[in-house]
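Q: I'd like to learn how to read a few local features in a structure like this one. Can you walk me through them with the model on screen?

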Amino acid sequence: MIFRRLLTLTLAVLSIAALPAVATASQRTTSATGVTNVRGTSVYVEVFVQVPHGQTARQAANAALADQGARPVQPTDQTDGPGFTGLVWDVLPVEQSYNPVGEPVVAGPLLEATQATWSSVPGSAFAMSSGGETARCPSIVRECRGPQVLDGFNDVGWLRLQPGVLGVTWSITSGTDEADMALTTRVPWHTGCTDVDGSFDAQTVLLHENGHVAGLDHATSPSSVMFPSYQGAACTLGALDEEAISALYPEG
């Protein structure tokens with residue numbers, strides 16, 4: 001009887017070990033930027049990805065960019081704070097709409113909170129506003145059905161992105177300004193700007209991605225929300241983020 005119980009327990013443990021690993025927030029993450037072409041227009045692509053075991057951060061990021069049809073670019077020269085992508089909005093505020101279809105968490109108010117955060121930096125003229133809800137898919141994002149389209153709207157939505165990709169932001173760096181964003185439905189998400197084991201805080205990731213919408217690149221300091229890795233819940237800007245957005249959009 002004891003032997004049978006031990007055998008049953010051993011088989012159960014082996015069965016659990018054989019299950020595919022579930023990606024969690026404790027897994028390493030990284031972000032990278034690239035460029036591609038959409039209908040003759042140069043487009044900036046930022047990917048936020050989980051790093052699979054056995055890969056370096058660069059390998060994971062480059063693979064994710066390749067899946068998006070983009071080639072990696074070297075980050076702009078910077079000290080600790082965010083660099084710049086080349087996108088500078090000519091018309092402010094940037095109106096951003098939200099598509100709630102498929103949302104794993106209610107994220108509309110979270111998106112608006114990040115818009116307010118980037119809009120209220122002392123010394124910065126940058127501003128974002130909510131265009132409300134929309135049924136549009138963020139049209140530049142590759143995972144939307146049909147061909148990629150530059151439709152002039154700045155949309156955010158949820159899509160089944162490539163495995164390991166948490167979020168993408170596509171933005172036009174020349175000509176008519178436009179930026180679209182999508183978060184994946186493949187990983188666990190939570191709200192409340194808190195740390196939950198095995199899950200990602202949606203507002204934290206939206207805040208980072210909206211930094212890219214504003215035209216900021218990644219930072220080398222982990223005290224910046226533009227640091228290219230998920231460091232846990234962080235829903236306020238650091239001093240380096242405020243300095244960067246103020247330099248890109250000086251008040252007056």
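This is a predicted model: local features need pLDDT of at least 70, side-chain atom pairs count only at pLDDT 80 or more; totals for chains, interfaces and linings use all residues.

Q: Then where is R39 found, and what is its phi near?
A: Look in the loop between β1 (29-38) and β2 (41-50), which is where R39 is found. Its phi is near 50 degrees, a positive value in a residue other than glycine.

Q: What about phi of C193?
A: Phi of C193 is also positive, near 55 degrees, again in a residue other than glycine. You'll find C193 in the loop between β9 and β10 (200-201). With a relative accessible area of 29%, C193 is partly exposed.

Q: Which residues does the cis peptide bond join?
A: For that one you check omega: the bond between L92 and P93 is cis, with omega about 0 degrees. P93 has its place in the loop between β3 (71-72) and β4 (94-98).

Q: How many aromatic pairs are there?
A: The general idea is to take ring centres within 6.5 Å and then look at the angle between planes: under 30 degrees is stacked, over 60 is edge-to-face, and the rest are tilted. By this rule the count is four aromatic pairs. Take F126 and Y249: their ring centres are 4.9 Å apart and their planes are at 45 degrees, so this pair is tilted. The F126–Y249 pair links distant parts of the chain, 123 residues apart, with F126 in the loop between α3 (108-119) and β5 (128-133) and Y249 in the segment after α5 (239-248).

Q: Are F126 and Y249 buried or exposed?
A: F126 is buried, at a relative accessible area of 1%, and Y249 is buried too, at 5%.

Q: What kind of pair do W158 and W189 form?
A: W158 and W189 are edge-to-face, 5.6 Å centre to centre with 80 degrees between the planes. This pair links distant parts of the chain as well: W158 sits in strand β6 (residues 154-159) and W189 in strand β9 (residues 189-190), 31 residues apart. W158 is buried at 8% relative accessible area, and W189 counts as buried at 9%.

Q: Which ring does the charged end of R136 sit over?
A: That would be F153: the charged end of R136 sits over its ring, 3.6 Å from the centre.

Q: And how far from E178 is the nearest side chain of opposite charge?
A: A salt bridge needs a side-chain nitrogen of Lys or Arg within 4 Å of a carboxyl oxygen. E178 is buried yet has no salt bridge, and R136, the nearest side chain of opposite charge, is 8.0 Å away. E178 lies in the loop between β7 (165-172) and β8 (179-184). A polar atom of its side chain lies 2.9 Å from the backbone nitrogen of G152. Residues that E178 touches include W89, S139, F153 and W170.

Q: Last one: which residues of α5 are buried?
A: They are D241, A244, I245, S246 and L248. What covers them includes α3 and α4 (202-214).

How values were computed:
Residues are numbered from 1 along each chain as its sequence is written. Side-chain values use heavy atoms; hydrogens and water are left out. Rings of Phe, Tyr and Trp (its six-membered ring) pair if their centres lie within 6.5 Å; planes under 30 degrees apart count as stacked, over 60 as edge-to-face and the rest as tilted. Helices (H or I, at least four residues) and strands (E, at least two) are DSSP runs, numbered from the N terminus. Buried means under 20% relative accessible area, exposed over 50%, partly exposed in between (1.4 Å probe, protein chains only). A charge sits over a ring if NZ of Lys or CZ of Arg is within 6 Å of the ring centre and within 35 degrees of the ring normal. Lys and Arg count as positive and Asp and Glu as negative; His and the chain ends are not counted. A polar contact is a pair of N or O atoms within 3.5 Å; within protein, one must be able to donate a hydrogen and the other to accept it, and residues adjacent in sequence count only if both atoms are side-chain atoms. Contact means heavy atoms within 4.5 Å. Lists of a residue's contacts leave out its neighbours within four places in sequence.
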